[in-house]
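Let's take a walk through this protein model together.

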Amino acid sequence: MGLCWNVLLLLALHLGILSNGLSASASSSSFSRPKVVNVGAIFTLDSTIGRVAKIAIEEAVNDVNSNSSVLNGTKLVVDIRNSNCSGFLGLVEALRFMETDVMAVIGPQSSVVAHTILHVANELQTPFLSFAATDPTLSSLQFPYFLRTTQSDLHQMTAIAELVDHYNWKDVIVIFIDDDYGRNGLSSLDDALSSRRCRVSYKAGVPPGDITRSDIMDILVKVALMESRVIVLHAYPHVGSVVFDVAHYLGMMDEGYVWIATDWLSSVLDSSPPHFSEAITASTQGVLVLRQHTPDSEKKREFLTRWNKLTKGSLGLSTYALYAYDTVWLLAHAIDSFINQGGIISFSNDSSLLNSLQESNLNLAAMSIFDGGPLLMKNILESDFVGLTGPVKFTPEKSLVFPSYEIVNIIGTGLHRVGYWSNYSGLSVVAPEILYSQGPPNRSSANQLLNGVVWPGETTRAPRGWVFPNNGKQLKIGVPRRVSYREFVSQVSGANTSKGFCIDVFTSAVNLLPYAVPYQFVPFGNGVENPSYDELVKLITTGYFDGVVGDIAIVTNRTKVVDFTQPYAASGLVVVAPVKKLNTGAWAFLRPFSRQMWGVSAAFFVFIGIVVWTLEHRTNDEFRGPPKQQLITILCLSTLFFAHRETTVSTLGRLVLIIWLFVVLIINSSYTASLTSILTVQQLYSPIKGIETLREGNDPIGFQVGSFAEHYLREGIGIPQSRLVPLGGPEAYAEALQLGPEKGGVAAVVDERPYIELFLASQCKFRIIGQEFTKSGWGFAFPRDSPLAIDLSTAILTLSENGDLQRIHDKWLTMSTCSSDNTELESDRLHLKSFWGLYLLCGIACFIALLIYVFQIFHRFRHAATEDYSPDGGPSGGGSRSKRLQTLLSLIDEKKDLSKRDRKRRKIEKENDLEMDSKRIHSQVCSSENNSFNLRS
């Protein structure tokens, strides 16, 4: 019965009765599982990668067919065809595959071939799985039936960018093969470097066709004339080996150069026999090479043993062979899932293709669409297993998970691993699979570590990465052609050079560099007025100048477009204004205090006297008596300079007086010090106290032409342009300041301190008012990320430490004694803001004492009011409001009864006084008796 059923089903399939969409239950029967599944493979058989890939694929097919857990008896057949690294031949072989019943294609190997044939894959829904096409653009949505089963160059170029940034190199030269593979890899590297403030300074393209040694030499001669010495080589093996051979011949593998090769070189060295590897390493000593990292495992070691037996040492095992092996297993797992899910291996004709070929002689009608392509592609992307290369699993972007590379250094005849890179942890000396299990990564610069490297020239010191280009050109250094303050920078008459303080600092710093710097000074300006320094700095960004040397202030808007060296001179904006001498005069003693200070002090003197009198009036006889006497007592308490004759008895009174005496001590000392300064030191006066006075006023303000002071006053402080007056130099400063705002001059001049100090060396009528209100410095400007700016900064620090910078300053900027005489600008008077804390403390003490005193008075007042009521509940004396007020005032005015202790003390004191008086009277009587006796005698 079963046999008949099978015959009927086969007959129905042959007649086309059954549709392609059989139910899952029927398709899962043994009749629907095919005995053979066909898969194609396209790559270059005689290439470095193709030779090892062919062996790896054949071994993988054998392992799959001998493993009963995969495909369950269905035989996997892989038809391998040669594309000869040609896009046309690859397209032809792909079209031939489309005439057969292949479910998928392994390949292509070349990114260029992939760009050509993947349009066929899109049309016919056949998955293409490449183990070697690393072009990053192949992962786009343009090719939905393409899957890369190796690492993308996007990750490789990111690793190179982080390597460049790790060694603080900024410029990189890239030698690349000028096709889709090379150009798209270069684009990814350029993007990765830009994100780290590095750049590709020169791109040397190599034609992809046949190229001679002479062509390579022409390219490398141009590279040798460039500034950068960091060279990245991204090419095919046959081109890259010639590049290194010619570079070795030209001396470009000597000390100072840095060569970084992409994984093409590691695949050559890993897969080549020993004698061939030695020939390559002879010309690549010190080169850094990237190699795709595959975790070590028992399965990988066993396969390596098998590989050595198969090849007998003629071929090494490269990572591309491992990825080719895993690609076969990936397809096997996906096809197995496809069949288990009821997928039917069926093909149909493309109606749109047939309609377009009705009048064509091309025999393309045999090509058919794989109906199960979408399901198979879905199963491939959902695959998850562990192969020879580690976990085989794909991200939503169709890339393998955990991309990582090894960074190896060619030393002698071998490869020395200096570290790893992964997109998880960056650079490290620990294998990425170990870091995956240690929690979140630490991407700080301190944890980006690599082992030591032997660089070209057999040096272990990391190269600087750049030199001055050996092309006979000199650096064009812009120098401002100043009209004023020529001590800083000026043109030498009759010669194409400059001199001055800034020039000497620059030449001294250049002389300290460990290399020669060819340069020439190019003046900037019309020679009539000082040039605009902002315009001078902008010419660096346009490439007109290679740097700018002069009195260039380091300010924010300039640092956004150029890089500055370490400041070699301190600078900052200051205010200079006219001053006049102050005579002491008859009323000089009033000048230490401001009017507000005098008023508050006088008020507090009276206030303290009233408070102490109030607290002492009821308990102290010295604070009682006629009103005139009590008023005099209050005024005596208010004195500032003499001790008080009256003694205080109450605790509250003594507390207030102690605090007040402390306040008086501070005020008295401050007054004495200020008055002494006024009477002994010549004082200078200016109505302008600083930048705040200028901002709040309406007087015109002068600034130097070309200085950044104009921009700061207008944009930073908000002073209108109408109040700003441009001035040419020190003579214009002096004239405008002497005229003043009333006669068409200016109230003050705002400029940088070095200029003002030089100006005041010969102008004694003016002074700097207040403090610097900006902090900056002067530096030399260079293009962004210029290595010369860094080296010159180190040289400037050396000049500062050994004293040469100060000697250059003294040579050009000698100051006269005018700016350092014994006169000083009038110091601020003693204002209330300096003492309000003392007054507040004293006021609080007085308030608390008065509060306690009032509480005591009202407490006695309540007892007195209670006693005034009669026993029957009625008031004994009327109880009117006037009566209560009179009682309260009498309590305040009456003398407080002494306590028992006080009465005893007073009694003892009175007895002592009587005893002393009696003794004095007795002695007087005795002396008078003696005198009368003597007279009688």
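Start with who touches whom: in this predicted model, 73% of the chain's contacts with a separation of 6 or more are between residues 24 or more positions apart. A contact here means heavy atoms within 4.5 Å. Before going on, a bit of housekeeping: residues are numbered from 1 along each chain as its sequence is written, and side-chain values use heavy atoms, with hydrogens and water left out. Since the model is predicted, local features need pLDDT of at least 70 and side-chain atom pairs count only at pLDDT 80 or more, while totals for chains, interfaces and linings use all residues.

The chain averages 82, and 79% of the residues score at least 70. Over residues 1-31 the pLDDT stays under 50, and the model has twelve contacts beyond four places in sequence for them. Residues 819-824 are also below 50, with eleven contacts beyond near neighbours in sequence.

Now for the parts list. The chain has 31 helices and 33 strands; these are DSSP runs, numbered from the N terminus, with helices (H or I) of at least four residues and strands (E) of at least two. Of its 937 residues, 47% count as buried. Buried means under 20% relative accessible area, exposed means over 50%, and partly exposed is in between (1.4 Å probe, protein chains only). The accessible surface comes to about 46600 Å², with 56% of it belonging to carbon and sulfur atoms; such areas come from the Shrake-Rupley method with a 1.4 Å probe, and for residues only the protein chains shown count as cover.

Let's look inside. In soluble globular proteins, nonpolar side chains tend to be buried together. A nonpolar core is a set of buried Ala, Val, Leu, Ile, Met, Phe, Trp, Tyr and Cys residues joined through side-chain atoms within 4.5 Å. The largest one here has 82 residues, and Phe488, Phe501, Tyr568, Phe759 and Leu788 touch the most other members. Helix H17 (residues 501-511) gives the most to this core, with seven residues. Apart from it lies another core, of 72 residues, among them Ile117, Leu315, Phe370 and Val392.

Zoom in on H17: eight of its eleven residues are buried, including Phe501, Cys502 and Ile503. Then find Phe759, which, leaving aside neighbours within four places in sequence, is in contact with Tyr485, Val576, Pro730, Tyr733, Ala734, Leu737 and Phe766.

Next come the strands. Strands of a sheet pair through backbone hydrogen bonds, either parallel or antiparallel, and here two strands count as paired if DSSP finds at least two bridges between them. Strand S18 (residues 475-480) is mostly covered, with five of its six residues buried. S18 pairs in the parallel sense with strand S21 (residues 519-524) over six bridges, and with strand S22 (residues 547-553), also in the parallel sense, over two. Pro480 has Phe524 in S21 as its bridge partner, and Ile477 has Gly547 in S22.

Which order do the strands take in the five-stranded open sheet? The order is S2-S1-S3-S4-S5, with parallel pairing. Strand S2 (75-82) and strand S5 (146-148) are the edges, each pairing on one side only. Eight bridges join strand S1 (residues 36-43) to S2, and Val39 has Val78 in S2 as its bridge partner. Helix H3 (residues 48-65) packs on this sheet, touching S1, S2 and strand S3 (102-106), and its direction makes about 165° with that of S2. Such axes are lines fitted to C-alpha atoms, for helices over the stretch in contact, and angles run from 0 to 180 degrees between N-to-C directions.

Finally, an open sheet of eight strands has the order S7-S6-S8-S9-S10-S15-S16-S17, with mixed pairing. Its edge strands are S7 (199-206) and S17 (426-428). Strand S6 (residues 171-177) runs parallel to S8, joined by four bridges, and Val174 stands opposite Val232 in S8. Helix H9 (residues 237-249) lies across S6, S7, S8 and strand S9 (258-261), running at about 170° to S9.

Terms used:
pLDDT = per-residue confidence, 0-100.
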